[in-house]
Amino acid sequence: MKIIKGMKIIVVLTEEEQKRLENLAEQARNLGRQKGIFPEPLSYQVDDEKIWQELIVRILVRGGAQPLERLPSDRKRELQEQTRLSKLLGEPDPYSFLKNLLAVSPRPTRFPKKAAKAIVELLNNDKVVNRNECRIVLLDGIDKQRQSPQEIRRLLMQRTGFGPKSVSDLMIVLGISHDVIAFDTRIVNTLVKWGVFSDWEGDRLKNIVQKCELIYTALEAEIRKVLAEFPSMNCCDIKHMCLAFFDRVIFRCYKELERMANLGLVRQTQVGE
């Protein structure tokens, strides 16, 4: 894969890398169908508390999603109850409250103090929360009919201060768009394992992609182009396999896909071609 920089950043896959991506897309399609994995349905109205809780999740998983994923269900319920928007707005010292809450074992995040600070910053961000009315204003003024997913993502990045990966993930789970992908560690490493980015190391590529929106968008466009060759999974109005479906399947089935790659499925497919 080459990243060409100029007036516009373009990501170019070699013919061999493109075949590997097609192979991965086919396996993801099969796994998704077998396991019934689909992204959240598209929605025009999202509950304020759902938006707020998903914003908190994006903060807690910084540094890795494993602590939150391994959390017992009763601890998750406690966290959701204790971090409700109305409750936090009523706390005299929300930072101290959150710092202590997140430090209790089992921890939902690797960085309780940083997470507490970031949540308080969101709480005080008037582009995200209207404190006087106790409501979320993050999506105010967004028109999914007139604005492209990339325009909406850029706007949400400006409002939240989040990067393209976190905002893309947020857009998928809230049903804002199925035409984005969240390039997290699992997805980037899966792409590298399957030889799609044969000359890149996973962490290095992830860092470059997540820090540069232009590269992020260019890589997303290249994957979208390959997915356009596959039939729609009927989870949205996109007429081919959407990025959100590809994203959710890899995120949920990355261990199975990694085993396939380790067993040489990628190489075997190439020999057959």
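Predicted model: local features only at pLDDT ≥ 70, side-chain atom pairs only at ≥ 80, totals over all residues.
User: How many aromatic pairs does the structure hold?

Analyst: A pair of aromatic rings is described by the distance of the centres and the angle of the planes. Rings of Phe, Tyr and Trp (its six-membered ring) pair if their centres lie within 6.5 Å; planes under 30 degrees apart are stacked, over 60 edge-to-face, and the rest tilted. The structure holds two such pairs. In one of them, phenylalanine 38 and phenylalanine 245 have ring centres 5.9 Å apart and planes at 40°, so this pair is tilted.

User: Where do phenylalanine 38 and phenylalanine 245 sit in the chain?

Analyst: Helices (H or I, at least four residues) and strands (E, at least two) are DSSP runs numbered from the N terminus. Phenylalanine 38 is in the loop between α1 (15-35) and α2, while phenylalanine 245 is in helix α13 (residues 243-262). The pair links distant parts of the chain, 207 residues apart. Phenylalanine 245 is buried, with a relative accessible area of 0%.

User: And what kind of pair do phenylalanine 183 and tyrosine 216 form?

Analyst: Their pair is edge-to-face, with 4.9 Å centre to centre and 70° between the planes. Phenylalanine 183 lies in the loop between α9 (164-173) and α10 (185-193), and tyrosine 216 in helix α12 (residues 213-227), so the pair ties together parts 33 residues apart in sequence. Phenylalanine 183 is buried at a relative accessible area of 0%, and tyrosine 216 counts as buried at 0%.

User: Which ring does the charged end of arginine 186 sit over?

Analyst: A charge sits over a ring if NZ of Lys or CZ of Arg is within 6 Å of the ring centre and within 35 degrees of the ring normal. The charged end of arginine 186 sits over the ring of phenylalanine 251, 4.4 Å from its centre. Lysine 114 lies over the face of phenylalanine 111, at 5.2 Å from the ring centre.

User: Now helix packing. At what angle do helix α2 and helix α7 pack?

Analyst: Axes are lines fitted to C-alpha atoms, for helices over the stretch in contact, and angles run from 0 to 180 degrees between N-to-C directions. Helix α2 (residues 48-60) and helix α7 (residues 112-123) pack at about 145°, with axes 9 Å apart. The contact (heavy atoms within 4.5 Å) involves Trp52, Leu55, Ile56, Ile59 and Leu60 of α2, and Ala115, Ala118, Ile119, Leu122 and Leu123 of α7. These contact residues divide into 10 nonpolar, no polar and no charged, where Ala, Val, Leu, Ile, Met, Phe, Trp, Tyr, Cys and Pro count as nonpolar, Asp, Glu, Lys and Arg as charged, and the others, Gly among them, as polar.

User: What about the backbone: which peptide bond is cis, with omega near 0°?

Analyst: Most residues other than glycine have a negative phi, and most peptide bonds are trans. Here, the bond from serine 105 to proline 106 is cis, and proline 106 is found in the loop between α6 (94-103) and α7. Cysteine 134 has a positive phi, near 50°; cysteine 134 is in the loop between β3 (129-130) and β4 (135-136) and counts as partly exposed at 34% relative accessibility. Asparagine 234 also has a positive phi, near 60°; asparagine 234 is in the loop between α12 and α13 and is exposed, with a relative accessible area of 70%.

How values were computed: Residues numbered from 1 in each chain as written. Heavy atoms only, no water. Buried < 20%, exposed > 50% of the residue type's maximum accessible area, 1.4 Å probe, protein only.
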